[in-house]
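Please look through the sequence and the structure shown here before reading on, and keep the residue numbering at hand.

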Amino acid sequence: MFPFEEFIFGGVPVPESNSSFVSFESEDGRKMAQHTYMYGAKDWGVFGDVDFISSEHGFCQYNTTEEEIILAQHQREQQLQLCSDAGIFDDIFDIVTPPFQEDISKFIEPEKEKEFSCPLASLRILKNFGSKFSQLNGENMNLPTYDTSLTKASGQKLSTIEIVRLAGEKFIKSFTQGIDDLSDLSHPFDSPMSGLSDEEMRDVELVQDLLASAEKVGQQQFERASKLLNLCDEVSSDKGNPVQRLVHYFSVALREKIDRETGKITEKGFGKKQAVDLELAMKSPSTTVVAFHRLVPFCQVSQFAGIQAVIDNVAVARKVHIIDLEIRAGTQWSILMQALASRHEYPLEHLKITAIGTKAKPMIEGTGNRLTDFAESMNLPFSFRVVMLTDMMDLSVDLFELDQEETVAVYSANFLWTMIVQPSKLDSLMRVISFINPCILVINEVEANHNSPLFVNRFTETLFYNAAFFDCVDDCMGRDDPDKVVTESCFFSPGIRNIVAAEGDERTIRHVSLNTWRAFFERFGMKDTELSMSSLYQASLMVNNFGCGGSCTLERDGNSLIIGWKGTPMLSLSAWKFL
């Protein structure tokens, strides 16, 4: 087999895949999904479980009882205090991301990156966001087609994403003015600046100052970068509009980057800030967790479509074995249980779920107890096993107690990216899975490239992604919602800081794009399989259940599904089989 260390998840562009928007408005799609929908949206939360954002935009499932959901305001304050004390965290963000391209050739990043000028590749990233948005126009079910030009209708307010794009245009124009070699980068969006409100003009200038500061950091001109950040701080705030809040958190991250580069924060000192395990803290009952899950569509859309893919592939199996690489709450398996319990032509003999974990064993066992109780309520033959490991390198086939008569499916929700920083562990895991040879491997990952070894590239891509996410929570949760404040300060901010400020092993958040995963999986003899119309229709049904669902886009990328926000890809859902 091929050593994983040969790959680098970031840095070199790969050819863009053909993609098209999903149209699920067919009669076949409705019929295929109708009988399974009853196991999904209508019964969501049979345990009171919810999904949740974990590290820099990834989703993890979270569970809570109804009593735990009723929490007082002081819990939000405690969460905010926890975040302010914790600093940068290893495992804070897990969810979905935008159209950032990257490649695989080597998996070892340079020991020390040095950038003394704004690289041409970084400017092309800014330009590419104009063309990538236009690729996302198409037909989809009850979802709008977004006009990616920035011509404003009378009284229409520009989104956070559009503001950042305009700022990128102005930045390119100012940077490339008079430079013949860069003339092809000018006017990437061809958008007039007239017609903007005073607030929008200020926001565009604010983001432009932020981009200029990041450029100076890349050039190691830290004093000039700090002066630009001072300008940003005069306008930005964690309590302002979405653009101002976005710039505020990125400004904090850039200052931390400067402090690291100038020796004010050592690597050792930086690591001490991670003493609090925020991933575990986030799994504690909280109104913020519940509010995010109920109001923001990404978690439920990806989960229901993914579980439908599992159901499709175990439709006639009498013994089903599910391997969940990081089960967390396990809500999705209640959906599977209901589907299996309703089978008459192929009655189920036994359902086994094996949960893999490296920490939080009591939480995993609690999930198993709830699933066991639920299975008993339906007279479903069921067993639940926990495989606890101190290190993923210790994972072996023998730990799964496989039965030759079982049909095995593997489910990974925003988990694989956590091992990119330690490639040997990911390589070891994939070898074990390939030996098991499951009938299906369902993977949910952030759709972004947050792993470029070049700082300015990584900063630009992360900024555009988070622009979409800040826009999303503002639309879905409301500007004055106190849970939104906690979401941004406790969950988004540490992820931004980790991607922007940290380097080496300290930079644990390393999302990569679907094309990168494809190239990697091919080395293990894996091929992505087409998601069924039933899975795609489940995604559409869930989107339509949300008040802000009109801004959630569904796009087909080959055999996979991209879930986006106003045209910006956020999360990928794919299913894989071994050849």
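This is a predicted model: local features need pLDDT of at least 70, side-chain atom pairs count only at pLDDT 80 or more; totals for chains, interfaces and linings use all residues.

The paragraphs below go through the nonpolar cores, then a group of paired strands, and then the salt bridges.

In soluble globular proteins, nonpolar side chains tend to be buried together. Here the largest nonpolar core has 104 residues, and those with the most contacts inside it are Trp333, Leu336, Leu351 and Phe459. Helix 16, which covers residues 455–477, gives the most to this core, with 14 residues. If neighbours within four places in sequence are set aside, Phe459 is in contact with Leu210, Leu211, Ala214, Phe250, Leu254 and Val500. Apart from this core lies another, of 34 residues, which includes Val410, Leu426, Leu429 and Leu441.

On one side of the pairing, strand 4 (residues 319–324) runs parallel to strand 5 and is joined to it by six bridges, and Ile322 stands opposite Ile353 in strand 5.

Charged side chains come next. Side chains of opposite charge can pair when their charged atoms come close. The structure holds 27 salt bridges, one of which joins Asp528 to Arg518, with the closest N and O atoms 3.4 Å apart. This pair links strand 9 (residues 526–529), where Asp528 lies, with helix 18 (residues 514–522), where Arg518 lies, the two being ten residues apart. Arg518 also forms a salt bridge with Asp557, the closest N and O atoms being 3.3 Å apart. Because Arg518 belongs to helix 18 and Asp557 to strand 10 (residues 552–557), the pair ties together parts that are 39 residues apart in sequence. Both Arg518 and Asp557 are buried.

Asp528 also meets Lys527 in a salt bridge, at 3.9 Å from N to O. Lys527 is partly exposed, with a relative accessible area of 46%, whereas Asp528 is buried, with a relative accessible area of 9%. Elsewhere, salt bridges that share partners join Arg245, Asp474, Arg479, Lys484 and Glu488 into one network.

Terms used. Residues are numbered from 1 along each chain as its sequence is written. Side-chain values use heavy atoms; hydrogens and water are left out. A nonpolar core is a set of buried Ala, Val, Leu, Ile, Met, Phe, Trp, Tyr and Cys residues joined through side-chain atoms within 4.5 Å. Buried means under 20% relative accessible area, exposed over 50%, partly exposed in between (1.4 Å probe, protein chains only). Helices (H or I, at least four residues) and strands (E, at least two) are DSSP runs, numbered from the N terminus. Contact means heavy atoms within 4.5 Å. Two strands pair if DSSP finds at least two bridges between them. A salt bridge is a side-chain nitrogen of Lys or Arg within 4 Å of a carboxyl oxygen of Asp or Glu.
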